[in-house]
Amino acid sequence: MLNISLAAEKIGSIFGFPITNSLLATWFVMAVLIVFSLAATRKISLVPSGIQSFAELIVGGLHDFFASVAGQYVDKFFPLIATLFLFIITANWMGLLPGFSTIGFYHGSEFTPLLRGATSDLNTTIALALIAVIGIQFFGFSIVGPHYGKKFLNFKDPISFFLGILELVSEVSRIISFAFRLFGNIFAGEVLLAVIAFLMPFLVPLPFLTLELFVGFIQALVFSMLTAVFANVAVSHE
Amino acid sequence: MDQASIKLIMTGLTVAVGGFMPALAIGLLTSKALEAIGRNPEAAGDIRTSMILGVAFAEAIAIYALVAGLIIKFV
């Protein structure tokens, strides 16, 4: 029977702190990224080979792509943006692996999956959105200086004050939009795959899995690109 | 009409109606982007990037409608 739940299911607790299946998946994503980085930088050489050359392909490609979007401060923004991209794409793609949302245990007649796509949990996406938006404010203050606060609290005249409050509301709405864009895309993809696999498990899920691969890549790209664009806008405010 | 039937109807209606304008927006965006690429093939990379950005914003509205529908159905 189809088990679709909006919230991630709790599978255990540590010192009273609940562990959900998407948290477990997030730890796996972290493990994959950390092991990959360690393997790629094990014997760093000026002429790369093997895993290091693959990692350089990824990082170099990302840097060249974001150089065109993020403006002149791309080197300052790049750690945040590239990390967001790599984490989100790994989390999205790992959620498509066999075993996610299918292997679990039964409580009476209720099924609790052991693993669930990390970004299909609203908590994860809200956390990522908060990191991105607070990171943008941090870049604003560190590059423009305390003058950046004038963008939001401008006491010169009533109209500027109102515009500042509007800017503040717009920043908060960005958190909501980042979180829900990623969550909606990935969770809807999971629901779609579950329904298709429920209806016709042989061969028919293949095009939908391809669609989900593509959607996972695009959402990672859009999240990081929007962060880059907003950071660029924030620091070019004089 | 009891609550269960209203929930059922509204789930479908939310997603269907919420998808009108984003679909129109994405179509318009893409058509303008294609026109621009046709006029100026050299700027194709920049235009494509801006188009993807714009499409993501428009798509987000459709996703909000989808999430609202999901909340109606599952909560």
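A:I19 is found in strand 2 of chain A, where helices (H or I, at least four residues) and strands (E, at least two) are DSSP runs numbered from the N terminus. The model is predicted: local features need pLDDT of at least 70, side-chain atom pairs count only at pLDDT 80 or more, and totals for chains, interfaces and linings use all residues. Residues are numbered from 1 along each chain as its sequence is written, while chains are lettered from A and ligands numbered from 1 in the order in which they are written.

Because A:I19 has 14 C-beta neighbours inside 10 Å, it counts as partly exposed; a residue is buried if 20 or more other C-beta atoms lie within 10 Å of its own, exposed if 12 or fewer, and partly exposed in between, with C-beta atoms placed from the backbone. Leaving aside residues up to four places away in sequence, A:I19 touches A:K10, A:I11, A:G12, A:S13, A:I14 and A:L24, where contact requires C-beta atoms, placed from the backbone, to lie within 7 Å. A:E9 is 10 residues from A:I19 in sequence, and their C-alpha atoms are 8.6 Å apart.

Strand 2 (residues 17–20) of chain A pairs with strand 1 of chain A in the antiparallel sense over 4 bridges; pairing calls for at least two bridges between the strands in DSSP. Within this pair, A:K10 stands opposite A:T20. The hairpin has 2 residues between its strands, and A:F15 there takes a positive phi near 50 degrees. Strand 1 (residues 10–14) lies largely in the open, because 0 of its 5 residues are buried.

Turning to chain A as a whole, the secondary structure comes to 6 helices and 4 strands, in the order β-β-α-α-α-β-β-α-α-α from the N terminus on. The C-alpha atoms of chain A fill a box of roughly 65 × 55 × 40 Å along the principal axes. Of its 238 residues, 29% are buried. Among contacts in chain A between residues at least 6 apart in sequence, 67% join residues at least 24 apart.

The largest nonpolar core has 48 residues, of which A:L84, A:I88, A:L182, A:F223, A:A228 and A:A231 touch the most other members. Such a core is a set of buried Ala, Val, Leu, Ile, Met, Phe, Trp, Tyr and Cys residues joined through C-beta atoms within 7 Å. Elements giving two or more residues to this core include helix 5 (158–199) of chain A and helix 3 (44–74) of chain B. Helix 6 of chain A gives the most, with 10 residues. A:F223 touches A:L84, A:I88, A:F178 and A:L182, with residues up to four places away in sequence not counted.

Chain B has 3 helices and 0 strands. Its C-alpha trace spans about 60 × 15 × 10 Å along the principal axes. The radius of gyration of chain B is 17 Å, whereas a compact globule of 75 residues would have one near 11 Å; the radius is taken over C-alpha atoms, and the globule rule is 2.2 Å times the number of residues to the power 0.38. Buried residues account for 13% of the 75 in chain B. Helix 1 of chain B is hardly covered, with 1 buried residue among its 16.

At the interface, 13 residues of chain B are in contact with 15 residues of chain A.

Conventions: Two residues are in contact if their C-beta atoms, placed from the backbone, lie within 7 Å.
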